[in-house]
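Thank you all for coming.

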Amino acid sequence: MPTTPKLFVTGAAGQLGTLVIDALLEMVPARAIVAGVRDIAKEAATRLRDRGVEVRIADYSRPETLTSAFAGVDRLLLISGSEIGKRTVQHRNVITAAKEAGVGLIAYTSILHADSSPLFLADEHRQTEAALAEAGVPFTLLRNGWYTEVFTWRLPAALSQGVLIGAAAEGRISAAARADYALAAATVLAGEEHAGRIYELAGDASFALAQLAAVVSEASGKPIVYQNMTPDEFRSAAASAGVPELFARILSDTDAGVAKGALLDEGGDLAQLIGRPTTPFQATISGFVHDQQAAGQAPSHT
């Protein structure tokens, strides 16, 4: 009887990593899963252990934790780090350690159309993809589009002011729920014959920010309109609202990229991988608004 491969998920205590673990537990025995976390004492790590998942310390910024963490691992999911500006070095640390540990496959959560994307965020992903190619370890690229949940940060101001601001013009976004991307990652990690593949992962249907405003309006019962700005105006408005400067830059740059089609994809890779249609953006946004209203409070940042 064939042995079940040992599957490692980095960043397993994060939002995406937690969902990947959830999906894997529906596919393979818990004993086949190893969760990598930065702090083994945190509650998230305890919850993972309670589910029968092995937990190991794997800190992208501490290479000494990585090679031993990857010992005996057959396939590894490298979830891109959150520290923008540090990610290329961090990801190289993981790739180097995985190669030294003899990992047979690395799946990496990159960005949609990384090779041609105009987005500021794409640079570190391109550098990581290059590092994977140089390492000589079999790999799979999961080029993720945007999570629909990303857009909920704009809802508090939109609901209080009746205006959703942005700089995407009529550009369209092929977003899907975070859980959809997690299921795709789990499918690749637990499956066969994915080495060497590049998956451009995006939602089945696209929307413009004016449509997003209309969905928020319908869900909340309040009139909401979309106000388009220049990228510089949007960046300034975000900064004035208390958004950190780097995040404000990313927001404005992303919207400018959306206007050029950077987050539009109609290839259907995500639905094909997960074996069902992707979650409609209307369901995610409406559900968020309704949940917040049921709790008796305005939507908060996600």
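At what angle do the axes of helix H8 (residues 209-220) and helix H12 (residues 281-294) cross? They cross at roughly 40° and come within 9 Å, where axes are lines fitted to C-alpha atoms, for helices over the stretch in contact, with angles running from 0 to 180 degrees between N-to-C directions. That makes H8 oblique to H12, given that angles under 35 degrees count as roughly parallel, over 145 as roughly antiparallel, 65 to 115 as roughly perpendicular and the rest as oblique.

Before I go further, please keep in mind that this is a predicted model, in which local features need pLDDT of at least 70 and side-chain atom pairs count only at pLDDT 80 or more, while totals for chains, interfaces and linings use all residues. Residues are numbered from 1 along each chain as its sequence is written, and side-chain values use heavy atoms, with hydrogens and water left out. As for the element names, helices (H or I, at least four residues) and strands (E, at least two) are DSSP runs, numbered from the N terminus.

Returning to that pair, H8 passes H12 in a right-handed crossing; a crossing is called left-handed if the near helix is turned anticlockwise from the far one by less than a right angle, and right-handed if clockwise. On the H8 side the contact (heavy atoms within 4.5 Å) is made by Gln211, Leu212, Val215, Val216, Ala219 and Ser220, and on the H12 side by Phe281, Gln282, Ile285, Ser286, Val289, His290 and Gln293. Sorted by class, the residues in this contact are seven nonpolar, six polar and no charged, with Ala, Val, Leu, Ile, Met, Phe, Trp, Tyr, Cys and Pro counted as nonpolar, Asp, Glu, Lys and Arg as charged, and the others, Gly among them, as polar.

Now consider helix H4 (residues 87-100) and helix H5 (residues 122-135), whose axes come within 9 Å and cross at roughly 20°. H4 and H5 are therefore roughly parallel to each other, and H4 passes H5 in a right-handed crossing. From H4, the residues Arg87, Thr88, His91, Arg92, Ile95 and Lys99 meet Glu124, His125, Gln127, Thr128, Ala131, Leu132, Glu134 and Ala135 of H5. The composition of this contact is four nonpolar, five polar and five charged residues.

Setting aside neighbours within four places in sequence, Leu77 is in contact with residues including Phe8, Val9, Val20, Leu142 and Leu189.

What about polar residues in the strands? Strand E6 (residues 139-144) holds Asn144, which is buried, with a relative accessible area of 6%; buried here means under 20% relative accessible area, exposed over 50%, and partly exposed in between (1.4 Å probe, protein chains only). Beyond its neighbours within four places in sequence, Asn144 is in contact with Leu16, Thr109, Ser110, Ile111, Leu112, Tyr181 and Leu201. Thr140 also lies in strand E6 and is buried, with a relative accessible area of 0%.

Arg75, in strand E4 (residues 75-78), is likewise buried, with a relative accessible area of 11%. Arg75 and Val103 are 28 residues apart in sequence, yet 5.9 Å apart in space, C-alpha to C-alpha.

Finally, two backbone details deserve a look. His113 has a positive phi of about 50° although it is not a glycine, and His113 sits in the loop between strand E5 (105-111) and H5, partly exposed at a relative accessible area of 22%. Ala169 has a positive phi of about 50° as well, again without being a glycine; Ala169 is found in the loop between strand E7 (163-166) and H7, and counts as partly exposed at 35% relative accessibility.
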